[in-house]
Amino acid sequence: MSDLAGLPGAERVERGIRDLNEGRLSTDALLAAVAAGRLRGLGLPVPEDAALPDVPDLALYESLRDHPSGDPYFRYNALRRELDSFISCLETRRSKSRPSGPPRAP
């Protein structure tokens with residue numbers, strides 16, 4: 001996933017996908033699970049057969065309740081904003097790397 005370098009939250013998403021592949025439901029894995037369909041659509045190897053919670057958003061929020069970093073609401077929203085930024089930047093990067101259409105005749 002080297003083409004993710006420099007994107008906001010890339011390390012977190014990569015860790016999340018790795019954790020899902022290894023069967024761990026870490027905070028990063030739950031964050032990746034929230035956007036699994038979109039991430040797959042962008043070509044990232046999010047496992048489809050992972051044992052994901054029925055409602056990944058809720059599972060993510062619940063995983064933050066006992067986190068020592070503070071308010072789970074604030075942390076949840078910060079993680080979601082980071083994920084949204086990552087996806088937006090990756091979509092932009094991927095769209096720029098695609099040809100814009102057939103070459104024009106001179």
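A nonpolar core here is a set of buried Ala, Val, Leu, Ile, Met, Phe, Trp, Tyr and Cys residues joined through side-chain atoms within 4.5 Å; buried means under 20% relative accessible area, with a 1.4 Å probe and protein chains only. The model is predicted, so local features need pLDDT of at least 70 and side-chain atom pairs pLDDT 80 or more, while totals for chains, interfaces and linings use all residues. Numbering runs from 1 along each chain as its sequence is written, and side-chain values use heavy atoms, without hydrogens or water.

**Exercise 1.** Find the largest nonpolar core and say which element gives the largest share.

*Solution.* Start with the count: that core has 25 residues, and L39, L44 and F86 have the most contacts inside it. Next, α1, α2, α3, α4 (56–65) and α5 each give two or more residues. The largest share, 6 residues, comes from α5. (Helices are DSSP runs of H or I, at least four residues, numbered from the N terminus.)

**Exercise 2.** Is D28 buried or exposed, and which side chain does D28 join through a polar contact?

*Solution.* D28 lies in α2 (residues 27–34). Its relative accessible area is 10%, so D28 is buried. Its side chain joins that of R12 through a polar contact of 3.0 Å (N or O atoms within 3.5 Å, one able to donate a hydrogen and the other to accept it; residues adjacent in sequence count only if both atoms are side-chain atoms).

Notes:
Buried means under 20% relative accessible area, exposed over 50%, partly exposed in between (1.4 Å probe, protein chains only).
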